[in-house]
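Subject: Structure for you to look at

Hello,

Here is the structure I said I would pass on.

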Amino acid sequence: MSTIELEGRKAKYITSGDEPSSGGQGDVYKATDRKTGEICAIKKFVKSAKGAKTCRREIEFLHLFSHASIIRCLDHDTAYTFVALEWVEGGTLNEQHGLTAFTHREVETMVLDVLEALQYVHSHGVIHHDVKPANIMVATRADDNLTIKLIDFGFATRGPHPKRPAGTPRYAAPEIFAYQISSEAWSGKIDVWALGLIALELLYGLPENPQATGNRLPFQADDAYAKGWHGAIQTQLKHMLKFYVLSSTIPELLVELFSMLEVDPKLRFSARKARMHLHRDIELENLLPMGMDHQAESIFEDMMEWNGN
Ligand SMILES: Nc1ncnc2c1ncn2[C@@H]1O[C@H](COP(=O)(O)OP(=O)(O)OP(=O)(O)O)[C@@H](O)[C@H]1O
Ligand SMILES: [Mg+2]
């Protein structure tokens with residue numbers, strides 16, 4: 001393997017001419033492998049020591065995995081300037097949602113698939129650290145169903161957890177903010193939080209966050225500020241639950257979100273547990289034994305009474 005060449009007579013890959021997608025680590029091109037004709041995505045990293053380090057990390061993790069919902073690495077160069085990945089046609093979760101808003105069932109399928117991928121990743125001792133809509137790609141979407149690929153292991157870690165927060169603050173779990181104060185280690189449950197937040201965002205929207213700058217929240221946020229944001233998310237969940245008060249069935253995904261978006265990581269579901277719990281819509285009277293916080297439980301009790309149960 002050699003340094004990537006995207007143009008010219010000896011090029012191993014030829015770009016499609018489409019504008020590359022730009023991420024924080026570099027650019028992603030649609031390209032064709034000249035020899036095999038295979039279409040792939042070339043992720044070209046910024047040329048720097050940091051870029052090479054990120055590229056190495058991404059290769060290391062992707063080679064560890066073999067899973068239908070995790071992007072496959074096809075090639076890389078010895079100078080660590082690029083990786084060639086299987087091409088995903090459907091774009092990111094946000095792009096697909098922008099084309100046609102996802103149905104409840106589609107979001108549920110997406111959550112189940114990502115949970116399965118996360119369970120697999122976590123079973124290898126790895127935390128993804130940057131689960132967000134731009135890092136979940138839609139491979140296929142038809143008949144109310146979709147398949148996904150988890151991408152971007154540029155912030156992934158294995159072993160001792162990192163010394164400082166990394167990833168995207170908007171989707172960062174409360175314990176990452178709390179780390180500034182408590183220094184308590186976090187686990188793969190931070191990925192579960194991020195996925196819960198994505199589902200909440202796609203289905204019901206997220207609360208306004210006046211202090212967020214664009215799509216970003218500062219990691220340096222003080223404790224009160226982080227608590228305000230995470231409290232607003234809990235309130236949003238409870239609003240949604242009340243919205244279903246007139247119905248005798250509640251989407252189980254909504255109930256599940258209480259456990260995925262539990263602020264205390266000790267009480268939050270792991271990817272494995274969340275996956276085990278998530279089934280199709282269930283009857284109201286079967287909901288109470290499921291993991292949910294006290295306030296949500298009392299809302300349920302009110303609803304049961306209201307429904308004459
Ligand atoms: N395999 C792929 N097939 C098609 N498009 C892809 C593929 N991988 C990445 N992309 C596109 O490129 C974008 C950036 O990719 P990726 O997240 O891997 O890069 P990044 O620089 O690490 O991003 P960031 O740091 O901003 O999260 C994705 O959001 C997606 O739009
Ligand atoms: Mg990314």
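Asp152 sits in the loop between strand 9 and strand 10 (157–158). Before going further, note that this is a predicted model. The phi of Asp152 is near 65°, a positive value in a residue other than glycine. Most residues other than glycine have a negative phi. Asp152 has 24 other C-beta atoms within 10 Å, so it counts as buried; the cut-off for buried is 20 or more.

Asp143 also has a positive phi, about 50°, and is not a glycine. Asp143 is found in the loop between strand 8 (136–142) and strand 9 (145–150). Is Asp143 buried or exposed? Asp143 is exposed, because it has 7 C-beta neighbours inside 10 Å, and the limit for exposed is 12 or fewer.

Now the chain as a whole. The protein chain has 9 helices and 12 strands. Of its 309 residues, 38% count as buried. Among contacts with a separation of 6 or more, 66% are between residues 24 or more positions apart.

Helix 3 (residues 104–123) and helix 5 (residues 189–204) pack at an angle of about 170°, and their axes are 10 Å apart. The two helices, helix 3 and helix 5, are therefore roughly antiparallel to each other. From helix 3, the residues that take part are His104, Val107, Val111, Val114, Leu115 and Leu118; they meet Asp191, Val192, Leu195, Ala199, Leu202 and Leu203 in helix 5. By type, the residues of this contact divide into 10 nonpolar, 1 polar and 1 charged.

The largest nonpolar core has 75 residues. Those with the most contacts inside it are Ile42, Val114, Ala194, Leu195, Ala199, Leu257 and Leu261. Helix 5 gives the most to this core, with 11 residues. The core draws at least three residues from each of domain 1 (3–86) and domain 2 (93–307). As for Ala199, and not counting residues up to four places away in sequence, it touches Val107, Val111, Leu253 and Leu257.

Last, Gln236, which is in helix 6 (residues 223–243). What does Gln236 contact, leaving aside its neighbours within four places in sequence? Gln236 is in contact with Leu200, Tyr204, Leu206 and Pro207. The C-alpha atoms of Gln236 and Pro207 are separated by 6.6 Å, although the two are 29 residues apart along the chain. Gln236 counts as partly exposed because it has 19 C-beta neighbours inside 10 Å.

Regards

Key
Residues numbered from 1 in each chain as written. Chains lettered and ligands numbered in written order. Predicted model: local features only at pLDDT ≥ 70, side-chain atom pairs only at ≥ 80, totals over all residues. Axes fitted to C-alpha atoms, helices over the stretch in contact; angles between N-to-C directions. Helix = DSSP H or I, 4+ residues; strand = E, 2+ residues; numbered from the N terminus. Parallel < 35°, antiparallel > 145°, perpendicular 65-115°, else oblique. Contact = placed C-beta atoms within 7 Å. Nonpolar A, V, L, I, M, F, W, Y, C, P; charged D, E, K, R; others polar. Core = buried A, V, L, I, M, F, W, Y, C linked by C-beta atoms within 7 Å. Domains from an automatic or database assignment.
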